[in-house]
Amino acid sequence: MTVDSWVMVAVAAGASKGSSLRDVQRYIDERHFEELAVDTLEAALAALVAAGKIYQDGERYHPAKRTSKEDAMKQLFGDG
């Protein structure tokens, strides 16, 4: 698994209240036995936010809301 994958799983694990940077770091350390640097996690979180896979609310990160099939078609082709 890549760091981005680990971060996505860690954010999803705390979806109900959101995950802080420290929550993500602790989750990865406890589950995958990897001690990742804060700057590595910050870069992964920023990349996932930029890609629209997660969103940031204050200091907490949440999984992005899924787009329904109908909404995806409207975004792709317009309101035809």
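This section describes the helix packing, the nonpolar core and selected loop residues of a predicted model.

Two packed helices are described by the angle between their axes and the distance between the axes. In the predicted model, helix H1 (residues 3–13) packs against helix H2 (residues 21–32) at an angle of about 110 degrees, and their axes are 9 Å apart. H1 and H2 are therefore roughly perpendicular to each other, and their crossing is right-handed. On the H1 side, the contact is formed by Trp-6, Val-7, Val-9, Ala-10, Val-11 and Ala-13, which meet Val-24, Tyr-27, Ile-28 and His-32 of H2. Nine of the residues in this contact are nonpolar, one is polar and none is charged.

H1 also packs against helix H3 (residues 38–50), in this case at an angle of about 75 degrees with the axes 10 Å apart. This angle makes H1 roughly perpendicular to H3. Val-3, Asp-4, Val-7, Met-8 and Val-11 of H1 make the contact with Thr-40, Leu-41, Ala-44, Leu-45 and Leu-48 of H3. The residues of the contact between H1 and H3 comprise eight nonpolar, one polar and one charged. Val-7 and Val-11 of H1 take part in the contact with H2 and also in the contact with H3.

In soluble globular proteins, nonpolar side chains tend to be buried together. The largest nonpolar core of the model contains 15 residues, and those with the most contacts inside it are Val-7, Val-11, Val-24, Ile-28, Leu-41, Leu-45 and Ile-54. H1, H2 and H3 are the elements that give two or more residues to this core. With neighbours within four places in sequence left aside, Ile-54 is in contact with Met-8, Val-11, Leu-45, Leu-48 and Val-49, and also with Tyr-61, His-62, Pro-63 and Ala-64.

A further set of contacts links two loops. Ser-20 is located in the loop between H1 and H2 and is buried, with a relative accessible area of 16%. Apart from neighbours within four places in sequence, Ser-20 is in contact with Glu-59 and Arg-60. Glu-59 belongs to the loop between strand E1 (54–57) and strand E2 (60–63). Whereas Ser-20 is buried, Glu-59 counts as exposed, at 68% relative accessibility. Not counting residues up to four places away in sequence, Glu-59 touches Ser-19, Ser-20 and Leu-21. The C-alpha atoms of Glu-59 and Ser-19 are separated by 8.2 Å, although these residues are 40 residues apart along the chain.

The loop between H2 and H3 contains Phe-33 and Glu-35. Most residues other than glycine have a negative phi. Phe-33, by contrast, has a positive phi, near 55 degrees. Phe-33 counts as exposed at 69% relative accessibility, and Glu-35 likewise counts as exposed, at 72%. The C-alpha atoms of Glu-35 and Ala-72 are separated by 38 Å, with the two residues 37 residues apart along the chain.

Helix H4 (residues 69–77) has nine residues, of which the number buried is zero, so this helix lies largely in the open. H4 is followed by Gly-78, which has a positive phi near 85 degrees.

Key: Residues are numbered from 1 along each chain as its sequence is written. This is a predicted model: local features need pLDDT of at least 70, side-chain atom pairs count only at pLDDT 80 or more; totals for chains, interfaces and linings use all residues. Side-chain values use heavy atoms; hydrogens and water are left out. Axes are lines fitted to C-alpha atoms, for helices over the stretch in contact, and angles run from 0 to 180 degrees between N-to-C directions. Helices (H or I, at least four residues) and strands (E, at least two) are DSSP runs, numbered from the N terminus. Angles under 35 degrees count as roughly parallel, over 145 as roughly antiparallel, 65 to 115 as roughly perpendicular and the rest as oblique. A crossing is left-handed if the near helix is turned anticlockwise from the far one by less than a right angle, and right-handed if clockwise. Contact means heavy atoms within 4.5 Å. Ala, Val, Leu, Ile, Met, Phe, Trp, Tyr, Cys and Pro count as nonpolar, Asp, Glu, Lys and Arg as charged, and the others, Gly among them, as polar. Buried means under 20% relative accessible area, exposed over 50%, partly exposed in between (1.4 Å probe, protein chains only). A nonpolar core is a set of buried Ala, Val, Leu, Ile, Met, Phe, Trp, Tyr and Cys residues joined through side-chain atoms within 4.5 Å.
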